[in-house]
Amino acid sequence: MSGGVVEHFTYIVTVFLMVAGLYIVMARGNLIKKLVGLSVFQTSVYLLYVAPGKLIGGTAPILAPQYTVYSNPLPHVLILTAIVVGVATLALGLALTVRIKETYGTIEEDEITAADNAVQDAEDAHS
Amino acid sequence: MGRPFGGIVIETLIVNVLLVLMAFAVLVLARTRNLFAVVVLSGIYSFLMATILVALDAVDVAMTEAAVGAGVSTVLLLGALHLCKSEEARPAHRPWLPLLLSLATAGLLIYGAMGLPDFADPNAPIHQHVAPRYLQNEVDVPNVVTAVLASFRGFDTLGETVVVFTAGAGIIALLRRRKHKEKGREGIAMRDDLVLLVVGKLLIPFILLFALYVQFHGDFGPGGGFQAGTIFAAGIVFYAIIFGLDKARRVVPDRLVETLLAAGVLLFIGVGVAGLLLGGNFLDYFVLDKDPIHGQHRGIFWVEAGVGITVSGVMLKIFYMFASRGQREGNEE
Amino acid sequence: MSVIIDILSGLCLLAGAIFSLIGAWGLLRMPDFYTRVHAASVLETLGAGFILLGLMLQAGLTLVTVKLLIIGILIYFASPTASHALARAAMVRGIKPLLAKPEE
């Protein structure tokens, strides 16, 4: 451990954001809020990747004759992919939520589970 | 303007202040129960993330996050919220177990993060191996991120384009309705408003032109296929909001959008197969021209074009699906 | 000469920051929706304009200044239009402005 809290402040706040997103997914029952929490979690991971690539006094990785120090371009590529995949999964999740709302009439997880259990109990009582 | 100003203190200070702002935004987001406020706060969070990414010198990523994360995600969430029309219910039981699990995970992760290199340490391991080779400019494209995305790591980008296509196809499968050609109300149109009409007519051509600029200047500055596709779709969405969804569907019909969706992926794969047919490997750009470096330029150009076409098609199709779903629900009430 | 430009651009940046802060404070303190939209929109656009002016003074006569000018024009078009659309949508939905009681 080379530095203390001050040098690792970026990582600590990134971990806080990540865990906050995780808490929203675990603790809240509303489906849209869960999806927002998931996207918060994903966005904090982008920070975790891009922050170590930064060099003080460096510049964006676009080659130009007057600059010699560039920030690391590899995390940028990975995170570009991750952002687009994140929005694709968010869109698909939201489409599923819309269909769930039309079928069950609610997007609260407790009520959906209760409706499913009621249908299951009715089927068991029949057979 | 060649003098360096700032130094380590002010750059670190800017990044840390923005991080604290993001932490506040997420705290309020977790506590708010009004879903509309949650969506707006997530938009604020994404914009702050884009600002931090600029402060960390990741300009391509910042552009993508601002366009895709803050722009498209907020539009999609608002669309879904309009269709679901709910507010979050009060939680039934106190969430002690998730809180405990979250704190335990946070403790473990912070313990692990303390072992990572210091912030902006030039001797960190990630600067030693692959990055200096990428910065050697083998393919003669100034924007190293575009070069790595389209050429060095072309397979990853192919997979990602297919993922975007699959998401579009999945949403079409989920939200498509069997009834066609309903002549209902116009839906959300602000056509009678003079200010929006005039400003819309002024801005939309420039938005579309800017999308093309971002697409083709991705080699020389921040830009590329993903950002350009999203900006193009945003221009058409702007048109749809002001002039009405039906008019937008006449200007950019559903057939065209679905064709764009698939054509981009086919173009990407076509470039790869062209490499095979000309004697090299799949997605080998060196054989696309007599001069290998010019072959790289061609390959990167067509591949980025394919990505931009698919992304614009998918974003536009998703908007059409969400908006027309709400329109038809309104007609059935 | 460059010291004067530095001081001037510093003052512009400071003015922009102060205007934006006042706009944010107005957003919190104003009594009803329309006054809040007005406070936020006017002051934020002004603050953004001042900040861009300060940055243009720093950049001198280069291509960067032209790009900043175009960004300024775009903000002056888009930001008031967005506030107009917001207020109009609220009016159409039926949010009534808080008016003073007529004098008896």
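Two residues are in contact if their C-beta atoms, placed from the backbone, lie within 7 Å. By that criterion, 87 residues of chain B are in contact with 73 residues of chain A. This is a predicted model, in which local features need pLDDT of at least 70 and side-chain atom pairs count only at pLDDT 80 or more, while totals for chains, interfaces and linings use all residues. Residues are numbered from 1 along each chain as its sequence is written, and chains are lettered from A and ligands numbered from 1 in the order in which they are written.

**Chain pairs**

- Two pairs of chains are in contact, and chains A and B share the most contacts.
- Chains A and C do not touch, and their nearest C-alpha atoms are 16 Å apart.

**Interface of chains A and B**

- Several helices of chain B each supply at least two residues of the side that touches chain A, among them helix 1 (8–31), helix 4 (96–113) and helix 5 (130–134); helices are DSSP runs of H or I with at least four residues, strands are runs of E with at least two, and both are numbered from the N terminus.
- Helix 3 of chain B gives the most to this side, with 15 residues.
- The side of chain B that touches chain A divides into 62 nonpolar, 15 polar and ten charged residues. Here Ala, Val, Leu, Ile, Met, Phe, Trp, Tyr, Cys and Pro count as nonpolar, Asp, Glu, Lys and Arg as charged, and the others, Gly among them, as polar.

**Packing of helix 3 of chain A on helix 7 of chain B**

- The axes of helix 3 (residues 74–104) of chain A and helix 7 (residues 154–175) of chain B come within 9 Å and cross at roughly 10°. Axes are lines fitted to C-alpha atoms, for helices over the stretch in contact, and angles run from 0 to 180 degrees between N-to-C directions.
- Helix 3 of chain A is therefore roughly parallel to helix 7 of chain B, a label given to angles under 35 degrees, with over 145 counted as roughly antiparallel, 65 to 115 as roughly perpendicular and the rest as oblique.
- Residues making this contact include V84(A), A88(A), L92(A) and R99(A) from helix 3 of chain A, and E160(B), V163(B), A167(B) and L174(B) from helix 7 of chain B.
- By class, the residues of this helix contact comprise 14 nonpolar, two polar and three charged.

**Chain B: overall organisation**

- Chain B contains twelve helices and zero strands.
- The C-alpha atoms of chain B fill a box of roughly 65 × 55 × 45 Å along the principal axes.
- Of the 333 residues of chain B, 41% count as buried; a residue is buried if 20 or more other C-beta atoms lie within 10 Å of its own, exposed if 12 or fewer, and partly exposed in between, with C-beta atoms placed from the backbone.
- Among contacts in chain B between residues at least 6 apart in sequence, 71% join residues at least 24 apart.
- Chain B is divided into domain 1 (1–88) and domain 2 (141–333), with bounds that come from an automatic or database domain assignment.
- The C-alpha centres of the two domains of chain B lie 24 Å apart, and 14 residues of domain 1 are in contact with 16 residues of domain 2.
- On the domain 1 side of that contact there are nine nonpolar, four polar and one charged residues.

**Chain B: local features**

- Helix 6 (residues 144–152) of chain B is mostly covered, with eight of its nine residues buried; V145(B), V148(B) and L149(B) are among them.
- D57(B), which is not a glycine, has a positive phi of about 65°. D57(B) lies in the loop between helix 2 (35–55) and helix 3 (59–84) of chain B and counts as buried because it has 24 C-beta neighbours inside 10 Å.
- L283(B) likewise has a positive phi, near 60°, in a residue other than glycine. L283(B) is placed in the loop between helix 11 (254–277) and helix 12 (292–332) of chain B, and is buried, with 21 other C-beta atoms within 10 Å.

- Chain C has three helices and zero strands.
- Chain C has a radius of gyration of 18 Å, whereas a compact globule of 104 residues would have one near 13 Å; the radius is taken over C-alpha atoms, and the globule rule is 2.2 Å times the number of residues to the power 0.38.
- The C-alpha trace of chain C spans about 60 × 25 × 20 Å along its principal axes, and 14% of its 104 residues count as buried.
- The contact between chains B and C takes eight residues from chain B and seven from chain C. Helix 3 (residues 63–93) of chain C provides the largest share of the chain C side, five residues.
- That side of chain C has three nonpolar, three polar and one charged residues.
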